[in-house]
Amino acid sequence: MAPKGECRGRKAQTLAPLAAALLPPPHPAPAESATTVADLTEEALHAILRRLNPADLLRAALACHRWRRAASRALPSAPPLLGYFFHPRGPAEPPPAPTDDKTHYPAVFVPLDDASPRLSLKLNPGAACGLSINDVHLGLVLLLLHDRPKSLLPRILAVDPASRRRVLLPPPPRDTLPGDRWRGERSVIGVAVLSRAHPSRLSFDAVCLTIDGDLPRAWVASVRDGECTWRALQRTEGVVVNFDPWWFEARSVHAAGNIYWHICNSSRLLQLDPCTLEISYMPVPAVLGDRFKKYRIGETPEDGRLCMAAIVDDEDLQIWVRGKARWSDRGWLLEREMCMTKVLDTVPGLPKERRMRMLCTWLSDIDYARTGKVFIKTWGYGRYSFHMETGKLEHLVMEDGKEYGDPMYAYTLAWPPEFLTLKD
């Protein structure tokens, strides 16, 4: 038998954990107070939101009134690029083969990256095959019938892909222009968005440019929540079109606050001021001469100045900016020049002989989204984008083998979003 002291000791050791378990739990030590989102100062919240990409910033603005106010302060000045609309083209065979596929493919949207929304014009197959994009601006896409008489004022389909709203604008009524004696000899050049009165509704102004006789005329459509009214302006005296209007390119270019139409085989462009609706000619630098689709109007990526790009002698990419100086050329200044020989040498199969390369290569556009890119088109060797800062040449081809169409319309939202411009 064990000693009595040892037995009592074992019971004490056995019962000790049970007694401890029956005791009430000790009070927790006071935790340090945590900082929550509500504790952020206005400056700290603004600093956080301005680091978000535009899509996440718009989502954050929906959280509450306070975040919406902070998001409105953090918005970038320029609208974010979401992607590009264009009509795909079948690949062309190199010369001397016939020109590329003339099939008119329905317009498609290619998002900028995986984070961009997958937009669509939401047209039924029959309508999609018969309509052609004429302008993309302020979040709106304007489409016209692809095959239509050039003398008839067109119906315009306006689509807002972001909100999926659309409206079909009827042609101007016959009494819009009393005594219209130019009806039989009129040439419709194209249409363009002038302004947008309300970012979240179909309230906007558009213009249809025509050549009546030998003078240009602007027809202005005002759309307010689906209701359309037209007015015809007087023909612009002094801007004589003494050439076949067929040489006008149908689509317009928005740059530095004005709207431009390129003219093939010409050393000038047609310019429209969307505020005053005045029409005039804009000369190109004299040294560029009359080059067929070799120069393009646009904006500089860093500050939005009016600029012009041209590939000269198939080896130099020149960038001209609008400015006055003693050495200016018709009001243009040569800002930079880049040799393109080594860049174009990387295009598979492109001829190296100078004359053939000039025949097969031309500058098709300056990126409207101000990405620092220009688009280059070739005859039979693909479509490319060239980044003027990095020197990167990228082949623009779709998964099914079709090329990106010309022109490529950069799509941005109406900016700033209407719900961020409201005042509490």
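Two strands are said to pair if DSSP finds at least two bridges between them, and helices and strands are themselves DSSP runs, numbered from the N terminus. In this predicted model, strand β7 is joined to β8 by a hairpin through four residues.

**Strand β8 and its partners**

- Strand β7, which covers residues 187–198, pairs with β8 in the antiparallel sense over nine bridges, and within this pairing Val-188 has Thr-210 of β8 as its bridge partner.
- On the other pairing, β8 and strand β9 (residues 215–224) run antiparallel and are joined by ten bridges, with Arg-217 of β9 as the bridge partner of Thr-210.
- The hairpin of β8 and β9 has two residues between the strands, and Gly-213 in this hairpin takes a positive phi near 75 degrees.

**Burial along β8**

- Strand β8 spans residues 203–212 and is mostly covered, with ten of its ten residues buried.
- In a regular strand, side chains alternate between the two faces of the sheet.
- Ser-203, Asp-205, Val-207, Leu-209 and Ile-211 point one way from β8, whereas Phe-204, Ala-206, Cys-208, Thr-210 and Asp-212 point the other way, and the residues of both sets are all buried.

**The second largest pocket**

- The second largest pocket holds about 630 Å³ of space, and among the 28 residues that line this pocket, those closest to its centre are Leu-58, Leu-82, Pro-117, Ala-162 and Leu-413.
- Helix α3 (54–61) and strand β1 (81–86) each supply at least two residues of the lining, and the largest share, four residues, comes from α3.
- By residue class, the lining of the second largest pocket divides into 17 nonpolar, five polar and six charged residues.

- Ser-116 is placed in the loop between β2 (108–111) and α5 (125–130).
- Ser-116 counts as buried because its relative accessibility is 9%, and the cut-off for buried is under 20%.
- When residues up to four places away in sequence are not counted, Ser-116 touches Leu-82 and Pro-111.

Notes. Residues are numbered from 1 along each chain as its sequence is written. This is a predicted model: local features need pLDDT of at least 70, side-chain atom pairs count only at pLDDT 80 or more; totals for chains, interfaces and linings use all residues. Side-chain values use heavy atoms; hydrogens and water are left out. On a 1 Å grid over the protein atoms alone, a cavity is a set of points where a 1.4 Å probe fits but cannot get out, and a pocket is an open set with protein on both sides within 12 Å along at least five of seven lines; lining residues have an atom within 4 Å of a point. Grid points are joined across faces, edges and corners, and a volume is the space filled by probe spheres set on the points. Ala, Val, Leu, Ile, Met, Phe, Trp, Tyr, Cys and Pro count as nonpolar, Asp, Glu, Lys and Arg as charged, and the others, Gly among them, as polar. Buried means under 20% relative accessible area, exposed over 50%, partly exposed in between (1.4 Å probe, protein chains only). Contact means heavy atoms within 4.5 Å.
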